[in-house]
Amino acid sequence: MRFFALQTDLGELKKQFILENDQEILVTSRHGLIFFTSLLTATAVTLAVWAVLAMAFVFVGTATLRLTIGVLAVIAAVYELYAILHAYINWRYNILIITTEKIVIINQWNLFYQNVQPIHLNNVRSATCETQFFGIWRCGTLRINLQETVDNTTKEIVLPYIPQPDVVVSAIEQAISLEKKKAREEPAEQLPKIQEMQQKVDEKMPDAGVPPPELPAQNV
């Protein structure tokens, strides 16, 4: 289902970028910590604004200024609701797809903006990862180094809040290795290797590949 620029049906997105001879290896959304950190930050700002407005309301005597303070409090409440929606979208609908031919990065910032970046494996030099939050919740930053350069510097794509980033990096490196061997191997030879990769991913990331839940149906 689509809400403006937000496509909640992962299957529809896959149809656009995964061709018939392309096989899915791993699909994951961002780590749940991106939701909590974004929400906590926005809530802290909102509470701070409300606290200031509450103090101002007590000490301000004129009705006009109190009305203005009330309007500002409502605006802060609307901001908090938007922040909750924004945090949820960043968590559930920023998707990383790894296939036997490409990496597809779907960035969904809000209801009105979506950026989809397919990267062929031939354009990937390497992938690395680093931990976030001391590695306690298996959350990390994924770095994809591309073959292309910008101002004589290797172009790098940085994706924070990736769950189990070591598993994701391993899947990318194995997919690159298979892609390089594709010209020398028959499809029948590669199929068992692809299935083995998929099985390892399923064991280490059982939720990978599960599409995010759709938002409640609404008329737009």
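This is a predicted model: local features need pLDDT of at least 70, side-chain atom pairs count only at pLDDT 80 or more; totals for chains, interfaces and linings use all residues.
Helix H2, spanning residues 33–59, contains 27 residues, and the distance from its first C-alpha to its last is 39 Å, close to the 39 Å expected at 1.5 Å a residue. Its buried positions are Leu33, Ile34, Phe35, Leu39, Ala42, Thr46 and Leu53. From Ala44 to Glu80 the C-alpha to C-alpha distance is 9.7 Å, although 36 residues separate the two in sequence.

Helix H3 is made up of 30 residues and reaches 44 Å between its first and last C-alpha atoms, close to the 44 Å expected at 1.5 Å a residue. Glu80 is one of the buried residues of H3, and the others are Ile69, Ala76, Ala83, Ala87, Ile89, Asn90 and Arg92. The cover over the buried residues of H3 includes helix H2 together with strand S2 (6–7), S3, S4 and S5. Thr68 is likewise located in helix H3. Its relative accessible area is 40%, so Thr68 counts as partly exposed. Thr68 and Asp166 lie 98 residues apart in sequence, and their C-alpha atoms are 51 Å apart in space.

The nonpolar interior was examined next. In soluble globular proteins, nonpolar side chains tend to be buried together. The largest nonpolar core of the model has 28 residues, of which Ile98, Ile103, Leu142, Ile144 and Val168 touch the most other members. Two or more residues of this core come from each of strand S3 (24–29), strand S4 (95–99), strand S5 (102–110), strand S7 (124–131), S8, S9, helix H4 (165–181) and helix H5 (187–204). The greatest contribution to this core is that of H4, which supplies eight residues. Beyond its neighbours within four places in sequence, Leu142 has contacts with Leu96, Ala127, Thr128, Ile157, Val158, Leu159, Ile162, Val168, Val169 and Ile172. Another core, of nine residues, lies apart from the largest one, and its members include Leu13, Val27, Ile95 and Val104.

Helix H5 also contains Lys204. When residues up to four places away in sequence are not counted, Lys204 touches Gln164 and Val167. Lys204 and Glu179 are 25 residues apart along the chain, with a separation of 22 Å between their C-alpha atoms.

Backbone geometry was considered at two positions. Most residues other than glycine have a negative phi, and most peptide bonds are trans. Arg138 has a positive phi, near 50 degrees, and is not a glycine. This residue, Arg138, is placed in the loop between S7 and S8. Arg138 counts as partly exposed because its relative accessibility is 39%. Tyr161 is a further residue other than glycine with a positive phi, in this case near 60 degrees. Tyr161 is placed in strand S9. Its relative accessibility is 17%, so Tyr161 counts as buried under the 20% limit.

Rolling a probe the size of a water molecule over the atoms shows where empty space is left. The volume of the second largest pocket is about 200 Å³. Its lining consists of Asn21, Gln23, Thr100, Glu101, Lys182, Glu185, Pro187, Gln190, Leu191 and Ile194. By residue class, the lining of the second largest pocket divides into four polar, three charged and three nonpolar residues.

Technical notes. Residues are numbered from 1 along each chain as its sequence is written. Side-chain values use heavy atoms; hydrogens and water are left out. Helices (H or I, at least four residues) and strands (E, at least two) are DSSP runs, numbered from the N terminus. The expected span of a helix is 1.5 Å times one less than its number of residues. Buried means under 20% relative accessible area, exposed over 50%, partly exposed in between (1.4 Å probe, protein chains only). On a 1 Å grid over the protein atoms alone, a cavity is a set of points where a 1.4 Å probe fits but cannot get out, and a pocket is an open set with protein on both sides within 12 Å along at least five of seven lines; lining residues have an atom within 4 Å of a point. Grid points are joined across faces, edges and corners, and a volume is the space filled by probe spheres set on the points. Ala, Val, Leu, Ile, Met, Phe, Trp, Tyr, Cys and Pro count as nonpolar, Asp, Glu, Lys and Arg as charged, and the others, Gly among them, as polar. A nonpolar core is a set of buried Ala, Val, Leu, Ile, Met, Phe, Trp, Tyr and Cys residues joined through side-chain atoms within 4.5 Å. Contact means heavy atoms within 4.5 Å.
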